[in-house]
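This report walks through one protein structure for a reader who is new to it. Please look at the sequence and the model before reading on.

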Amino acid sequence: MAKKIRVSQEQEIIKTLKKEGFRKLSKKDIGKEPCKSIYKMPDCFKESK
């Protein structure tokens with residue numbers, strides 16, 4: 001009989017990241033700098049019309 005339920009790898013990683021000080025960003029926070037520029041395509045990749 002199992003004594004303890006094993007946590008998944010995803011749960012272990014989330015626990016470690018929280019311990020290291022990382023936090024989950026909301027959609028509102030992603031729209032602000034510096035996160036905003038991560039989702040912006042660089043000018044050299046934009047297609048000309």
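## A nonpolar surface patch

I13, L17 and F22 together form a nonpolar patch on the surface, with about 310 Å² of accessible area. Such patches are made of residues with over 30% relative accessible area and no salt bridge, where like charges are joined within 9 Å and nonpolar side chains (Val, Leu, Ile, Met, Phe, Trp, Tyr) within 5 Å; a salt bridge is a side-chain nitrogen of Lys or Arg within 4 Å of a carboxyl oxygen of Asp or Glu. Accessible areas come from the Shrake-Rupley method with a 1.4 Å probe, and for residues only the protein chains shown count as cover.

F22 sits in the loop between α1 (9-20) and α2 (27-30), and F22 counts as exposed because its relative accessibility is 57% (exposed means over 50%, buried under 20%, and partly exposed in between, with a 1.4 Å probe and protein chains only).

## Basis of the model

The model is predicted, so local features need pLDDT of at least 70 and side-chain atom pairs count only at pLDDT 80 or more, while totals for chains, interfaces and linings use all residues. Residues are numbered from 1 along each chain as its sequence is written, and side-chain values use heavy atoms, with hydrogens and water left out.

## Helix α1 and the whole chain

The protein chain has two helices and zero strands, which are DSSP runs numbered from the N terminus (helices H or I, at least four residues; strands E, at least two). Of the twelve residues of α1, the number buried is zero, so α1 lies largely in the open. Just after α1, G21 takes a positive phi of about 105°. Of the 49 residues of the protein chain, 2% count as buried.
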